[in-house]
Amino acid sequence: MSLQSEELRTFVAVVEAGTLSAAAELLAQTTSGVSRALSRLEDKLGASLLTRTTRRMELTEEGRAFLEQARAILAAMESAQDSIRLRTRKPVGKLRVDASAPFMLHCVVPHVGQFRAAYPDIELELTTNDRFIDLVEHRADIAIRIGELQDSSLHARALSSARLNVVASPAYLARHGEPESVEALEQHQLIGFSQPDQLNHWPLRHSAGDRYQTRPAIRASSGETIRQLALQGQGIACLSNFMSDADIAAGRLVRLLPQADSGYRQKISAVYYYSTQLSRRISCFLDFLQEKL
């Protein structure tokens, strides 16, 4: 019997999701339906592709060999479909975009409605990660990254840059006073990142150079968490301007030590693997986002 594409998609989904129930949710099917499709595929191949452990499904040796082929077949099918769609010059299909939570909330979400109005046939799938991700592992087509890039295997496009603001809430300053110099920050409660530690080197000129190494009393993995802590008066933080300018304009945060700003700007870039069938979707999205930034 011939293999069916849905059986291949089910197999790949089980591998990526880790369990039958998670794959069923991903595919909008029942767990029993996923199990039957997987069994049919194994019967056709005459080999066991997965073994069940106490926590998840594990690939057999045959399963590992077949997974690469299954992914290649599905990618070829999608490429064939998209090559026909490209003839209409209308960008269509799914586009998976990943970014840090603050960038997604402050720079992407506000413009989704306008993008969808301009490109109604592009299906957006938005995910957030506060660390650099592997595009294949996280099934992302584009990742927006802030800072220096190190991935030589990826195509990259510079989108913009972000100034960093040292800020605190009026309530915090009312209790502790405003630092009059960079060195005075040592007497204050600072909020920083749990990792990487280089994010806690603030772009402030002082007697030892243009970067001030802080020792945060509170650390968080997400810039949005740090923003919320600053808004609640828990200390002084250093935030990208795209997530703090509106708070400063509204008086919710106060910018500190502007005279010591070293002029450093964080790079904002998009990274992606080149793919013919994705190129129109990627270029439409990046052109649109760059204009907004």
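Here are some notes on this predicted model, one point at a time.

1. **Ground rules.** Since you'll be looking up residues, note that they are numbered from 1 along each chain as its sequence is written. The model is a predicted one, where local features need pLDDT of at least 70, side-chain atom pairs count only at pLDDT 80 or more, and totals for chains, interfaces and linings use all residues, while side-chain values use heavy atoms, with hydrogens and water left out.

2. **The whole chain.** You'll find ten helices and 13 strands here (helices are DSSP runs of H or I with at least four residues, strands are runs of E with at least two, and both are numbered from the N terminus). The radius of gyration is 24 Å, well over the 19 Å that the globule rule gives for 293 residues, so the chain is more spread out than a compact globule. That radius is taken over C-alpha atoms, and the rule is 2.2 Å times the number of residues to the power 0.38. Along its principal axes, the C-alpha trace spans about 80 × 50 × 35 Å.

3. How much of the chain is buried? Buried residues make up 41% of the 293 residues (buried means under 20% relative accessible area, exposed means over 50%, and partly exposed is in between, using a 1.4 Å probe and protein chains only). Now take the contacts, meaning heavy atoms within 4.5 Å. Among those between residues at least 6 apart in sequence, 74% join residues at least 24 apart.

4. **α5 against α8.** Two packed helices are described by the angle between their axes and the distance between the axes. Helix α5 (residues 101-108) and helix α8 (residues 223-231) pack at about 75°, with their axes 7 Å apart. That makes α5 roughly perpendicular to α8. For the angle words, under 35 degrees counts as roughly parallel, over 145 as roughly antiparallel, 65 to 115 as roughly perpendicular and the rest as oblique. The axes are lines fitted to C-alpha atoms, for helices over the stretch in contact, and angles run from 0 to 180 degrees between N-to-C directions.

5. **Who meets whom there.** From α5, Pro 102, Leu 105 and His 106 meet Gly 223, Glu 224 and Arg 227 of α8. The residues of this contact divide into two nonpolar, two polar and two charged (Ala, Val, Leu, Ile, Met, Phe, Trp, Tyr, Cys and Pro count as nonpolar, Asp, Glu, Lys and Arg as charged, and the others, Gly among them, as polar). α5 itself is mostly covered, with six of its eight residues buried; Phe 103 and Met 104 are among them.

6. **Arg 227.** Leaving out residues up to four places away in sequence, Arg 227 touches His 106, Leu 239, Met 243 and Asp 247. Arg 227 and Ala 168 are 59 residues apart in sequence, yet 9.4 Å apart in space, C-alpha to C-alpha.

7. Most residues other than glycine have a negative phi, and most peptide bonds are trans. Ala 28 has a positive phi of about 60° although it is not a glycine; Ala 28 sits in the loop between α2 (20-27) and α3 (31-45) and is exposed, at 73% relative accessible area. Leu 257 also has a positive phi, about 50°, but Leu 257 counts as buried at 2% relative accessibility. Finally, a cis peptide bond joins Gln 195 and Pro 196, with omega about -10°, and Pro 196 lies in the loop between β7 (191-193) and β8 (201-202).
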